[in-house]
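Work through the exercises below with the structure open beside you, and try each task before you read its solution.

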Amino acid sequence: MTDQDKAAKIRAGNGFVAALDQSGGSTPKALRQYGISEDRYSGEEEMFDLIHGMRERIVRSPAFTGDKVVGAILFEQTMDRTFDGVPAAEYLWKKRGVVPFLKIDKGLEDAANGVKLMKPMPDLDATLARAKKLGIFGTKERSVIDAANEGGIEAIVAQQFDIGRQVLAHDLVPMLEPEITISIPDKAEAEKILRECILRHLDGMKGDDQIMLKLTLPEEAGFYAPLADHPKVMRVVALSGGYSREEANARLAKNPKVIASFSRALTEGLSDAQSDAEFDAALRDTIDSIHAASVA
């Protein structure tokens with residue numbers, strides 16, 4: 001059985017999931033958005049120290065609590081570090097009332113059939129066992145859909161559910177993320193194929209297991225309601241996917257059974273140069289706006 005208190009927090013959904021899981025490839029961009037350019041660090045170690053400092057500043061802010069943030073997704077290095085001297089996952093749950101998740105994918109394969117599958121994860125079982133011991137509730141794994149290609153989307157969903165079953169075997173809740181690129185011309189058609197494919201796989205699940213889904217905000221309001229209502233789905237969350245926070249919030253508010261799981265849109269407007277008071281005020285405004293859209 002999963003941790004019932006954490007599961008209840010996610011099911012209630014009175015808030016959103018913060019995505020604090022920028023990996024090596026996306027970290028330089030996240031730091032630039034935060035006001036830290038590449039000339040301020042040398043090598044990956046310094047880069048990851050700086051991004052951890054940003055994440056720690058966010059989670060330690062008085063604005064960041066379980067009242068409006070129900071969960072947070074961590075990068076593996078973050079899981080292995082501390083916030084305010086406390087192991088990261090423990091700090092989130094015990095100090096902030098925020099359910100901790102772990103990003104587990106290792107990046108993307110080259111494009112084929114209009115999609116990018118996840119790279120192999122040969123050490124996944126060991127990672128999942130360690131995550132469980134550290135208090136992680138669930139995982140997140142991302143792959144990308146770049147075209148309304150039925151074969152490609154079926155491959156994406158099959159891989160996501162395969163990894164999901166591996167996660168469930170460790171008594172963790174998988175958050176499957178088959179992201180649809182927001183700029184593709186056939187986005188709405190890709191969404192139709194994806195929804196039907198996910199529904200087929202959900203109907204094939206056995207026992208009492210539940211998963212979560214992290215999906216691109218759809219073109220049609222309420223489009224993913226059948227997924228959110230499925231008994232095998234604990235929660236559907238939405239990624240911002242490159243939309244501005246304003247547009248992401250506007251789209252999210254039209255999907256009442258979906259809550260946010262934003263990354264770039266969460267840190268938009270935050271800066272290393274801000275005083276703590278300025279930073280906390282900006283973060284509070286951001287959290288308030290994303291929370292309002294999530295519970296609309």
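**Exercise 1.** Which residues in the largest nonpolar core touch the most other members?

Solution. Keep in mind from the start that this is a predicted model. Begin with the core as a set, which holds 81 residues; within it, Phe64, Leu194, Ile198, Leu202, Leu213 and Leu227 touch the most other members. Apart from this core lies another one of 15 residues, including Ala19, Val70, Ile73 and Val173. Next, take Ile198 and leave out residues up to four places away in sequence: Ile198 then touches Val157, Phe161, Pro178, Leu213, Leu215 and Leu227.

**Exercise 2.** Classify the aromatic pair that Phe83 and Tyr91 form.

Solution. A search of the whole structure finds four aromatic pairs. One of them joins Phe83 and Tyr91, with 5.9 Å from centre to centre and 70 degrees between the planes. Planes over 60 degrees apart count as edge-to-face, and the pair of Phe83 and Tyr91 is therefore edge-to-face.

**Exercise 3.** Is Lys132 buried, exposed or partly exposed?

Solution. First locate Lys132, which lies in helix H6, residues 124-133. Its relative accessible area is 32%, and because buried means under 20% and exposed over 50%, Lys132 counts as partly exposed. Then list its partners: leaving aside neighbours within four places in sequence, Lys132 is in contact with His170, Asp171 and Leu172.

**Exercise 4.** Find the ring over which the charged end of Arg195 sits.

Solution. The charged end of Arg195 sits over the ring of Phe223, 3.8 Å from its centre. In the case of Arg57, the charged end sits over the ring of Phe279, at 4.1 Å from the ring centre.

Methods:
Residues are numbered from 1 along each chain as its sequence is written. This is a predicted model: local features need pLDDT of at least 70, side-chain atom pairs count only at pLDDT 80 or more; totals for chains, interfaces and linings use all residues. Side-chain values use heavy atoms; hydrogens and water are left out. Rings of Phe, Tyr and Trp (its six-membered ring) pair if their centres lie within 6.5 Å; planes under 30 degrees apart count as stacked, over 60 as edge-to-face and the rest as tilted. A charge sits over a ring if NZ of Lys or CZ of Arg is within 6 Å of the ring centre and within 35 degrees of the ring normal. A nonpolar core is a set of buried Ala, Val, Leu, Ile, Met, Phe, Trp, Tyr and Cys residues joined through side-chain atoms within 4.5 Å. Buried means under 20% relative accessible area, exposed over 50%, partly exposed in between (1.4 Å probe, protein chains only). Contact means heavy atoms within 4.5 Å. Helices (H or I, at least four residues) and strands (E, at least two) are DSSP runs, numbered from the N terminus.
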